Amino acid sequence: MTEDLKGLALDAIAASTAADDPDYPRFHVVPPVGRLNDPNGLLVDGDTYHAFYQFSPLHPHRKLVYWGHSSSTDLLHWRHHAPAVIPDSSYDRSGAYSGNAIVLEGTELNGAAAQVPYHLFYTGNLKDPVTDERTASQCLVTSGDLTDFTKWPGNPLIPTHAEGYTAHYRDPQVFRDADRPGEYRMLIGVQRANATGAAVLYRSRDLVSWELEGELSFPGAGGAFDSFGYMWECPGLVRLKDEDTGEDWDVLFWCPQGITPDREGFENIFPCVYTVGHLVGTELQDTGGAFYEVDRGFEFYAPQVFARRLSEPGPVLLTGWAGNASEDDQPSIETGQWVHALSMPRMLSLKAGRLVQRPAACLPYDVGEPAVVGEHLETGIYEIDDLSAHRSWQLRLEADAEQTTGPWGLRIGSDDSHVDITLDGRVLRVDRSTSRYTQHGSTRVVTLPEGCEPVLEVIHDRSLTEVFVGDGALVLTLRSFVDVNSSGARLMVGESLALTAGSARTFAPS
């Protein structure tokens, strides 16, 4: 008798008490039960945002990887839906792994696949139970209404890895070819046979038949990416305009496993990086070999942008996994049988060739300008009264650089269990050493980019904190399991602080 995997997931969701956990975030995407990891198939459908994600509802008892599904009309209030992709086929019974979505216009695509607008691409994972040998294939799920999902009868579209690569061949990103209308490309993260990481590109006219174009190369990069880690996960390409020059650039995001650059940062188990260039064929030109971390936090991985219809353009929005490998040992597993979350969606731009990330939403309940704004504050700790009764909030503070001396920042939590976020000149320090989760890093010291203004924006949601500095010039994400009986935040001033502007918002449930 075939096991009802969808039924198992629905039963686990129905029995879940995760939402009663005081650490359960209120305005981020979190699993209804079990484990969440990579965001998948992010898309915009009219006025509704859909976030699919890697979902293991029976975690930690069984590693059955589905695609979970949540939706929102404001990027803040998220509604859970039944799992969208079930690992119940011969090619994905070891897991429906990561991928992305494309949203078609009614007449955009000719052929059989044109009958449905929503196409979700993913990697089917299959492991031999005896030899543990892996087969990775690229697969398709379609939907006409984002309620019912159908696996393509011709799956897998790409049944195995290309010659010269290992079975670590996954995480497809499908996108329109801006230079050749009517054609589509698929970017896949791979491992070469010599155990180095890379990405390959495929091309299609119908989203079903795919032809290998070749490996993504980086002319003019001085060989910087030739042996860059042992595997590239979750690659994605997006076109962004530079705010300073107006020039369009192609930005490559990816997660190279096994790199240890000889410079500040890259402290996570696996990092997430980007480089900026111009995609011509299979070449990403003009990168100069430069690369940067997307997020300097303790927990951030596998980011992806939201897909849109051609007729419904909008800001480029990115969401990442607020987690990383081997980080399932968080307090929420014991208190609510759930673990991990997605970051708040961010609006992307470029400025002087560097990524800018700004929060894509503001919390709905605006409590106005904090009382401390407009005052010249001397050494001490100051209560921010507007946040005192809240554990989910958004706070933005702008300082006068010329009148501010010494460190200043926020303490989230109690004196015994807290996270401290401090700006001191061109240095950001984050210290969670007294919190309930420090296993994968307790402190982070980050040098701010040149010209970064003393603007600090913090989004805190019970056990998840995102820090934006200098209007999005630097972002740092962390899990912040502080004392559940504490709320709000306190302003810490080391010497002298002149705050010129600020706003405080709290979360109001719908």
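Visitor: What makes strand S3 and S4 count as paired, and in which sense do they run?

Guide: In this predicted model, strand S3 (residues 66-72) and S4 are joined over four bridges in the antiparallel sense; since pairing requires at least two bridges between two strands, the pair qualifies. One of the residues involved is Trp 67, whose bridge partner in S4 is Val 85.

Visitor: Why are S4 and S20 said to stand at the edges?

Guide: The five strands follow the order S4-S3-S2-S1-S20 in an open sheet with mixed pairing. Strand S4 (79-85) and strand S20 (338-339) each have a single partner strand, so one side of each is left without a neighbour in the sheet.

Visitor: Which helix lies across S3 and S4, and at about what angle to S4 does it run?

Guide: Helix H1 (residues 5-14) lies across S3 and S4 as well as strand S2 (48-56), and runs at about 160° to S4.

Visitor: Why is Gln 173 called buried?

Guide: Gln 173, which lies in strand S9 (residues 165-176), has a relative accessibility of 9%, and because the term applies under 20%, the residue counts as buried.

Visitor: Why does Gln 394 count as buried?

Guide: Gln 394, found in strand S25 (residues 392-399), has 4% relative accessibility, and because the limit is under 20%, the residue is classed as buried. A polar atom of its side chain lies 2.9 Å from the backbone nitrogen of Leu 363, and the contacts of Gln 394 outside four places in sequence include Pro 359, Leu 363, Glu 457, Ile 459 and Arg 505.

Visitor: What does UniProt list for residues 388-493, and what are the helix and strand percentages there?

Guide: An unreviewed UniProt entry gives residues 388-493 as "domain: Glycosyl hydrolase family 32 C-terminal". Over that stretch the chain is 0% helix and 52% strand, with the end C-alpha atoms 18 Å apart.

Notes:
Residues are numbered from 1 along each chain as its sequence is written. This is a predicted model: local features need pLDDT of at least 70, side-chain atom pairs count only at pLDDT 80 or more; totals for chains, interfaces and linings use all residues. Side-chain values use heavy atoms; hydrogens and water are left out. Helices (H or I, at least four residues) and strands (E, at least two) are DSSP runs, numbered from the N terminus. Buried means under 20% relative accessible area, exposed over 50%, partly exposed in between (1.4 Å probe, protein chains only). A polar contact is a pair of N or O atoms within 3.5 Å; within protein, one must be able to donate a hydrogen and the other to accept it, and residues adjacent in sequence count only if both atoms are side-chain atoms. Contact means heavy atoms within 4.5 Å. UniProt positions are given in the numbering used here, feature names are shortened, and annotations may be inferred rather than shown by experiment. Axes are lines fitted to C-alpha atoms, for helices over the stretch in contact, and angles run from 0 to 180 degrees between N-to-C directions.
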